[in-house]
Amino acid sequence: MLRTYQGGYLSNDEFNRAVNQAQSHLFAFLLEDSNVDRYTETALDPFKVETLITKSSGVYQAPADFAALREITVPWILPSGVTEYRPAYQIENLGLTMTSPIRKPTTKTFGYVWNNNWTLYPDKNVQILLRYFKNPVTVERKVTYSGDNEIYNPTGTVDLEWNETEKSIILDMTLYRDWE
């Protein structure tokens with residue numbers, strides 16, 4: 001890839017810094033619109049994670065790569081032995097959910113509070129199914145030096161996790177920096 005920047009040369013360190021800034025900017029922009037349209041939802045596909053989290057010390061710890069919540073559901077074992085996953089709602093919205101004529105009123109629902117960890121109410125369960133967006137990895141293009149020349153080194157290089165369309169957008173943002 002040609003690493004020129006507005007008529008000048010972009011060093012490897014500058015390139016790594018610029019590409020990470022561009023991907024952070026795009027990621028934040030798309031997260032704001034993640035419930036708006038199909039393109040945004042598809043663009044964020046590489047960052048969707050689903051995992052069971054076990055309660056520890058009365059709370060559910062956020063994963064280290066957690067960026068934004070998509071949904072929390074709670075395993076509910078029916079009398080037949082089948083496990084059904086029921087949604088949990090933020091406590092502020094729980095009252096509306098329990099009395100909603102649209103969603104059918106229910107008393108078999110769960111609420112949660114977020115304070116860098118989740119606390120679930122009622123707290124009888126030991127696990128939640130967490131669907132979330134993970135943070136993008138920090139991208140790094142590795143090089144070795146031969147005199148004054150940088151030679152690309154794939155060993156240790158960390159690539160973008162995005163789909164091809166968004167990779168192209170990020171690289172354009174990196175090189176043209178018209179979004180700053």
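**Labels and their cut-offs**

Modeller: I91 sits in helix 3 (residues 91-99). Helices (H or I, at least four residues) and strands (E, at least two) are DSSP runs, numbered from the N terminus. This is a predicted model: local features need pLDDT of at least 70, side-chain atom pairs count only at pLDDT 80 or more, and totals for chains, interfaces and linings use all residues. Residues are numbered from 1 along each chain as its sequence is written, and side-chain values use heavy atoms, with hydrogens and water left out.

Biologist: Why is I91 called partly exposed?

Modeller: Buried means under 20% relative accessible area, exposed over 50%, and partly exposed in between (1.4 Å probe, protein chains only). I91 has 32%, so it is partly exposed.

Biologist: What makes F66 and W118 an edge-to-face aromatic pair?

Modeller: Rings of Phe, Tyr and Trp (its six-membered ring) pair if their centres lie within 6.5 Å; planes under 30 degrees apart count as stacked, over 60 as edge-to-face and the rest as tilted. F66 and W118 are 5.2 Å apart centre to centre, with 85° between the planes, so they pair edge-to-face. F66 lies in strand 5 (residues 66-77) and W118 in strand 8 (residues 117-121), so the pair ties together parts 52 residues apart in sequence.

Biologist: Why is the pair of W114 and W118 called tilted?

Modeller: Their centres are 4.5 Å apart and the planes 45° apart, so the pair counts as tilted.

Biologist: Is W118 buried or exposed?

Modeller: W118 is buried, at 2% relative accessible area. W114 is partly exposed, at 36%.
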